[in-house]
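Please read this briefing with the sequence and the model open beside it. The points are grouped by topic.

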Amino acid sequence: MRETQRLDRVLSNFGFGTRSEIRQLVKNGTVKVDGVVVKDSGLQVDPERCVIDIEGEILNYREFIYIMMNKPAGVISATEDNKQKTVLDILPDRFRCFDLFPAGRLDIDTEGLLLLTNDGKLAHELLSPKKHVPKRYYALVDGTVSEDMAESFKEGVILDDGFKTMPAELFILKEGQRSEIELVLHEGKFHQVKRMFEAVGRKVLFLKRIRMGGLELDPELAAGECRELTADEVRMLKFQFT
Ligand code: URA
């Protein structure tokens, strides 16, 4: 059975105003459903099937939505929090009507690729520890980073709680008093990148996730910006689990 909803509910979810503002818009004859002007804001509509046109703008309703965010530092990867700003707080209004949640976590001071979706199944697959979806990070590290450390990461290092990490690939981009590296992990323990560097006596000064599975952070997105995944990106994400 298809899901129907009141027209005013659909429009308010899309940010077209309060129920009474929407009632007025509808009364004014600015809303068409399947090409016909409607005057009853309580009309039951199927937003996935009906073509809803409001002041000439066609609503693009879809069940699942996939947003790539370049998470900035200073916001947390949660849906709500009493004290800190969350990634949902910084979403543009047009995405607020969807029940989005972040698929995975980045620390408050970590930047970079975060997927927000309402597709629980895909999020579950991406995050499942059994799937070992690789995640690639760029980091600025205090002190030199050597090939010996790359060897240790390949072997697995022991974290502060005694956990031995899975093999990870370390790429040294620039070695110096402050080194630049990329690290690919196949698991996701709490603060894992920072703790792996602590295990070899180094401190991470800046951390940014740049890739998750086949999904690469769009270099056009400034910190805090987001965009919907393209159809190809969604297909590729789903394909990697089939
Ligand atoms: N590893 C970390 O230490 N922090 C993150 O946010 C992600 C991976």
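Where is the place of His132? His132 sits in the loop between helix H3 (120-127) and strand S10; helices (H or I, at least four residues) and strands (E, at least two) are DSSP runs, numbered from the N terminus. This is a predicted model, in which local features need pLDDT of at least 70, side-chain atom pairs count only at pLDDT 80 or more, and totals for chains, interfaces and linings use all residues. Residues are numbered from 1 along each chain as its sequence is written, and side-chain values use heavy atoms, with hydrogens and water left out.

**Domains**

- The domain assignment of the chain gives domain 1 (5-58), domain 2 (66-129 + 215-241) and domain 3 (135-212); such bounds come from an automatic or database domain assignment.
- Between the C-alpha centres of domain 1 and domain 2 there are 29 Å.

**The ligand and its surroundings**

- Around the ligand are Leu106, Asp107, Thr110, Tyr137, His191, Gln192, Val193, Lys194 and Leu207, where a residue is near a molecule or strand if one of its heavy atoms lies within 4 Å of it.
- An N or O atom in the side chain of Asp107 is 2.7 Å from a nitrogen atom of the ligand.
- A polar backbone atom of His191 is 3.2 Å from an oxygen atom of the ligand.
- A nitrogen atom of the ligand lies 3.1 Å from a backbone N or O atom of Val193.
- On its own the ligand has 240 Å² of accessible area, and the protein covers 95% of this; accessible areas come from the Shrake-Rupley method with a 1.4 Å probe, and for residues only the protein chains shown count as cover.
- Thr110 belongs to the loop between strand S8 (101-102) and strand S9 (111-117).
- Thr110 counts as buried because its relative accessibility is 1%; buried means under 20% relative accessible area, exposed over 50%, partly exposed in between (1.4 Å probe, protein chains only).
- Neighbours within four places in sequence aside, Thr110 is in contact with Lys71, Pro72, Ala73, Lys194, Leu207 and Lys208; contact means heavy atoms within 4.5 Å.

**Helix H5**

- H5 is largely enclosed by the rest of the structure, because six of its eight residues are buried.
- Those buried residues are Gln192, Val193, Lys194, Arg195, Met196 and Phe197.
- Their cover includes strand S10 (135-142), H4, strand S11 (169-174), S12 and strand S13 (203-212).
- After H5 comes Gly201, which has a positive phi near 80°.

**Met149 in helix H4**

- Met149 is part of helix H4 (residues 147-155).
- With a relative accessible area of 9%, Met149 is buried.
- Leaving aside neighbours within four places in sequence, Met149 contacts Thr144, Leu170, Val200 and Arg202.
- Met149 and Asn13 are 136 residues apart along the chain, and their C-alpha atoms are separated by 51 Å.

- The loop between strand S14 (215-216) and strand S15 (226-228) holds Asp218.
- Asp218 counts as buried because its relative accessibility is 14%.
- Not counting residues up to four places away in sequence, Asp218 touches Met68 and Arg227.
- The side chains of Asp218 and Arg227 make a polar contact (2.7 Å); a polar contact is a pair of N or O atoms within 3.5 Å, where within protein one must be able to donate a hydrogen and the other to accept it, and residues adjacent in sequence count only if both atoms are side-chain atoms.
- The side chain of Asp218 also reaches the backbone nitrogen of Glu220, at 2.8 Å.

**Histidines in loops**

- His186 is in the loop between strand S12 (178-185) and helix H5 (192-199).
- The side chains of His186 and Glu169 are joined by a polar contact of 3.1 Å.
- With neighbours within four places in sequence left aside, the contacts of His186 are His132, Val133, Pro134, Met166, Pro167 and Glu169.
- His132 has a phi near 50°, a positive value in a residue other than glycine.
- His132 is partly exposed, with a relative accessible area of 35%.

**Asp34**

- Asp34 lies in the loop between strand S2 (31-33) and strand S3 (36-37).
- Although Asp34 is not a glycine, its phi is positive, at about 50°.
- The relative accessible area of Asp34 is 47%, so Asp34 is partly exposed.

**Cysteines**

- How many disulfides does a search of the whole structure find? The search finds zero, a disulfide being a pair of cysteine sulfur atoms within 2.5 Å.
- Cys50 is buried at 17% relative accessibility.
- Cys226 is buried too, with a relative accessible area of 12%.
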